Amino acid sequence: MKDIPGEVVQVAQKLEEHGFSAYVVGGCVRDLLLGKEPQDWDVATSATPEEVQKIFPRTFYENRFFTVTVLQDSQDAKLSQIEVTTFRSEFEYEDRRRPSKVEPAKTIEEDLSRRDFTVNALALSVVEGMAGEIVDPFDGQKDLKKKTIRCVGNPKERFEEDALRLMRAVRFATTLGFVIEKETLEALESQAILLKDISKERIRDEFCKILMADKAAEGIERLRETKLLENIVPELLEGYGVGQNKHHIYTVWEHNVRALAYAAKQKWSLDVRLASLLHDVAKPRVKRGEGPDSTFYSHDVVGGRMAEEILTRLKFSRNTTDYIAMLVRYHLFYYNVGEVSESSVRRLLRKVGPEHMEDLLQVRMADRIGSGVPKAEPYKLRHLRYAIEKVSKDPLSPKMLALKGDDIMRLLGIAPGPKVGQILAVVLAEVLEDPAKNTRETLETRIQELGKLDDAALVLLAKDSEKVVEAVETKQDTMVKQKYWV
């Protein structure tokens, strides 16, 4: 078992010193027993909120659930605020989320009895700065060993009290790699409809945690099997059992889930995972025909609109919604080596934004693997990366110089004409070979020297300089090609 941080030990010991019992509780105990680093720390105590506030000088208490936040001086953000909650009992869950009545409990066992799952109904005493006795009235440790998610007490009652527990059951099973116990699973499936009573923000947060799990695809499958997905993203279910054409070996549903699985395996961002899951969401609605020659014209455009509707409904931020909708809209970009011009690549960059191309390419790679092909990044995608970098680079031109054509005309007292361009070509080649020469003072001196040459000598020198610039361009292009194995 991992050590309990000193900040948590100090809180528990101070409460004990003042005659109150104190325990580390809930998910942090579960994580300690699993050998994981807890993401937050909670302490349960027999002290009332008022008594907790008297013991700790820096606190805030702005809720009706007996939870006082104790502020700590800690460089670790998750230890700078430790929630200390009085033992409590809860009654009358009127909104299927929060108890309408909360009363103090007398013992830690009574407090643990109100919790959702046995693996979270654990308490740990702190003795002389060390982990002490584990309080486990519902055999949570056995369930941890069996890798099982099981409700405390009657599963139907637990889900009726707080319907968000429906999603939490799937989330814990997904993130921990556990199975859901039979009676708990049956209650979950029979009461999935209760999820409609939960705020979209809460559903969104649990959904995102499932998507960010290593086994995100298994989590999405569990949401479908338990009928929870009907109350989250029912549009995805439209693809279940819907066959595709000769370019795919999986149904639309299987393809979307496999794309997510690859994005999760690569540990890509939430944005990429969401876009990978939703990229073909519109296919069932635009499908025409059956069999190997069926079509899905405009599924990218329609999918972008559907993604916007889905994410807006789930209360994602406007920026996130617009961004993922854009990734879905443009995931089908066309690029074949030798067929697509540099101007087409520039248009794609303008639509998507150069800074977003990597995410779009990742969605495309997830799409490919989800289709059953063996390689995520074939030659043409590597060539596209090369083309993107090529068109994104500033061209080698006189604009790079510290002096311009107007400066040459002023220095030499000449009118616009071929001589100005010839001098620019010469100094550009010299600056490419030695960038230190690109200063106003150095270039002015060199321009004065070149101005004294006769026309024939300057023409020959300019032609040689153009060859130097061409050689530098070729070398740069070769290096970029090597970078992408092109």
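Biologist: Why is Asp139 called partly exposed?

Modeller: Asp139 has a relative accessible area of 37%. Buried means under 20% and exposed means over 50%, so Asp139, at 37%, is partly exposed. The model is predicted, and the value is computed from its atoms.

Biologist: Where is Asp139, and what makes its backbone worth a remark?

Modeller: Asp139 sits in the loop between strand S9 (130-135) and helix H5 (140-146). Its phi is positive, about 60°, although Asp139 is not a glycine.

Biologist: Is Lys315 buried, partly exposed or exposed, and how do you know?

Modeller: The relative accessibility of Lys315 is 43%. The limits are 20% and 50%, so Lys315 counts as partly exposed.

Biologist: What puts Lys380 in its accessibility class?

Modeller: Lys380 has 33% relative accessibility. That value falls between the cut-offs of 20% and 50%, so Lys380 is partly exposed. Lys380 belongs to helix H19 (residues 379-392).

Biologist: How do you know which residues Lys380 touches?

Modeller: A contact requires heavy atoms within 4.5 Å. Setting aside residues up to four places away in sequence, Lys380 touches Tyr335, Asn336 and Val337. The C-alpha atoms of Lys380 and Asn336 are 6.2 Å apart in space, and the two residues are 44 apart in sequence.

Biologist: Why is Thr69 called buried?

Modeller: Thr69 has a relative accessible area of 6%. The cut-off for buried is under 20%, so Thr69 qualifies. Thr69 is part of strand S4 (residues 67-71).

Biologist: What does Thr69 touch?

Modeller: Not counting residues up to four places away in sequence, Thr69 touches Arg58, Thr59, Phe60, Gln81, Ile82 and Glu83. Thr69 and Glu83 are 14 residues apart in sequence, with 4.5 Å between their C-alpha atoms.

Biologist: What makes Leu124 count as buried, and where does it lie?

Modeller: Leu124 is at 0% relative accessibility, and buried means under 20%, so the label applies. Leu124 lies in strand S8 (residues 123-127). From Leu124 to Asp197, 73 residues apart along the chain, the C-alpha separation is 34 Å.

Biologist: Why does Leu424 get its label of buried?

Modeller: At 13% relative accessibility, Leu424 falls under the 20% limit and is therefore buried. Leu424 is in helix H21 (residues 418-433). Its contacts, leaving out residues up to four places away in sequence, are Pro398, Leu401, Leu403, Lys404, Gly405 and Ile408. Leu424 and Asp322 are 102 residues apart in sequence and 46 Å apart in space, C-alpha to C-alpha.

Biologist: What makes a set of residues a nonpolar core, and how many residues has the largest?

Modeller: The members must be buried residues of the listed nonpolar kinds, joined through side-chain atoms within 4.5 Å. The largest such core has 112 residues, and those with the most contacts inside it are Leu15, Ile149, Phe207, Leu223, Leu228 and Ile232. Helix H7 (residues 164-176) gives the most to this core, with 8 residues. Apart from this core lies another, of 18 residues, including Val426, Leu443, Leu458 and Ala462. In soluble globular proteins, nonpolar side chains tend to be buried together.

Biologist: What is Leu228 in contact with?

Modeller: Beyond its neighbours within four places in sequence, Leu228 is in contact with Leu166, Met167, Val170, Leu188, Ala192, Leu195 and Leu223.

Biologist: How many helices and strands are there, and how do you know whether the chain is spread out or a compact globule?

Modeller: The protein chain has 23 helices and 11 strands. Its radius of gyration is 32 Å, well over the 23 Å that the globule rule gives for 486 residues, so the chain is more spread out than a compact globule. Along the principal axes, the C-alpha atoms fill a box of roughly 105 × 65 × 35 Å.

Biologist: What share of the residues is buried, and what share of the surface belongs to carbon and sulfur atoms?

Modeller: Buried residues make up 49% of the 486 residues. The accessible surface comes to about 24100 Å², and 49% of that surface belongs to carbon and sulfur atoms.

Conventions:
Residues numbered from 1 in each chain as written. Predicted model: local features only at pLDDT ≥ 70, side-chain atom pairs only at ≥ 80, totals over all residues. Heavy atoms only, no water. Buried < 20%, exposed > 50% of the residue type's maximum accessible area, 1.4 Å probe, protein only. Helix = DSSP H or I, 4+ residues; strand = E, 2+ residues; numbered from the N terminus. Rg over C-alpha atoms; globule rule 2.2 N^0.38 Å. Areas by Shrake-Rupley, 256 points an atom, 1.4 Å probe, with all protein chains shown as cover.
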